[in-house]
Amino acid sequence: MREKPAVSSLQRILGFAMIMAGISCAAVQLANGGALAASAQTSPGVAQSTETPRIENAKLETRAAGASLEAAIREIAGTADKAEWVGYHVDQITGERGVCCNNNWNDGNCGTCRLEKEAGATNSATNSTTHTDGKISLEGSRQLVVLYRLEARKVVKIRVASDDCVLDAGGLPFVWLTGVRATESVALLATYLRGSDFEDHGDHGIGHGALTAIALHADSSADHALESFVAPEQREGLRRQAAFWMGAARGKAGLTALQHMARTDPSSDVRAHVAFALSVSHEAGALDEMIRMAHDDMSSHVRGQALFWLAQKAGKKAVGTITGAIDNDPDTDVKKKAVFALSQLPKDEGVPKLIEVAQTNHNPAVRKQAMFWLGQSNDPRALQFFEKVLSQ
């Protein structure tokens, strides 16, 4: 039986990971695009082109990125005393869900994303995009818009967006760069993760936005960058967040890296987060690695977390691992966490197992835990069990 608070907890964690990365419209279904051939200056209003996202309320200029993206951003930032935005697009990884800021969907399309009014923004996701012409795109297109907010002659924020979102720049200047290479984009974004302040600016720090953008690049250089972020010498906060994106977005390459982390990372907190990252992976080997962690990790905390996330996946393999932990794990706290994991299973799987544990387990603390979660289940089979116990 899957308890509602646990399900909402999973949703909050996923939502939090998105919000903290400063996503406005991420993991997107994007319209096909290419480089603009000429520069243009527009007054505030709507800038519409098949080559750019829909940008409104902006003083729009287009430029070629030239030989160096880093040099182009540095040149623009050098004159940006006041706030302005710079953006470009690159190929986006396949298989991601559409995400739009402020839950602003219009008939299935991402609505207007107000870049200057993002405080308290939430995100909404969908697996497909319904266009205004009534057509449904199940895969979406493969373009990602990367956005830099400049102020006081430096980059102060990084976001990603879908080009089916309307970007409202709040009347600020907006420079659209053409001809950007994905490898250069990843290399530039990675520079914002190398400082010592990745964890010092809260959920909306530059580093979180840069990490999200890297994770959604289709280029293999993104895999190499993420692997460098999970090296043992990196800060734990960066390793945890990079692990999440490996599970959520990087497919087989991400799974391989997570399997290595699960066996070698020196931090039990990071390995526990790897269990969560594996739970959001769609790769076939992720479940087996979670089972291995629940059996074999040296940390009781990690084993308990692996059991919890296994319960969210359900399935016969997960049930067998959870009941095995109740019977065989040497740590009582892990046994109790396994009992809780049973309570997260679908009712027809979880309730009979909880009753069995409450009746037969030799550890009184484990039996007590099973009785507690049966009491929380509101299941008639649990009530019948309690009546039987009380009548004896």
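Y88 is buried, with a relative accessible area of 0%; buried here means under 20% relative accessible area, exposed means over 50%, and partly exposed lies in between (1.4 Å probe, protein chains only). This is a predicted model, in which local features need pLDDT of at least 70 and side-chain atom pairs count only at pLDDT 80 or more, while totals for chains, interfaces and linings use all residues. Residues are numbered from 1 along each chain as its sequence is written, and side-chain values use heavy atoms, with hydrogens and water left out.

Y88 belongs to strand β4, which covers residues 84–91. Helices (H or I, at least four residues) and strands (E, at least two) are DSSP runs, numbered from the N terminus. Apart from neighbours within four places in sequence, Y88 is in contact with L69, L144, V145, V146, Y148, W176, L177, V180, S185 and L189, where contact means heavy atoms within 4.5 Å.

The largest nonpolar core has 90 residues, and Y88, Y148, L177, L189, I214, F229 and V274 have the most contacts inside it. A nonpolar core is a set of buried Ala, Val, Leu, Ile, Met, Phe, Trp, Tyr and Cys residues joined through side-chain atoms within 4.5 Å. A second, separate core of 16 residues includes L60, A83, C165 and A169. In soluble globular proteins, nonpolar side chains tend to be buried together.

The chain as a whole may now be considered. The protein chain has 15 helices and 15 strands, and 51% of its 392 residues count as buried. Among its contacts with a separation of 6 or more, 70% are between residues 24 or more positions apart. The accessible surface of the chain comes to about 17,500 Å², and carbon and sulfur atoms account for 51% of that area; accessible areas come from the Shrake-Rupley method with a 1.4 Å probe, and for residues only the protein chains shown count as cover.

A pair of helices illustrates packing. Helix α9 (residues 285–296) and helix α10 (residues 300–313) pack at an angle of about 145°, with their axes 7 Å apart. Axes are lines fitted to C-alpha atoms, for helices over the stretch in contact, and angles run from 0 to 180 degrees between N-to-C directions. From α9, the residues L287, M290, I291, M293, A294 and H295 meet V302, R303, A306, L307, W309, L310 and K313 of α10.

Other buried positions lie elsewhere. S343 is part of helix α12 (residues 332–343) and counts as buried because its relative accessibility is 1%. The C-alpha atoms of S343 and A311 are 8.4 Å apart, although 32 residues separate them in sequence. G205, in the loop between α3 (182–191) and α4 (206–215), is buried with a relative accessible area of 8%. Its C-alpha atom is separated by 8.3 Å from that of I158, 47 residues away along the chain.

N57, in the loop between β2 (54–56) and β3 (59–64), has a positive phi of about 55° although it is not a glycine. N57 counts as partly exposed, at 30% relative accessibility. R153, in the loop between β12 (143–151) and β13 (154–161), is likewise not a glycine and has a positive phi, near 65°.
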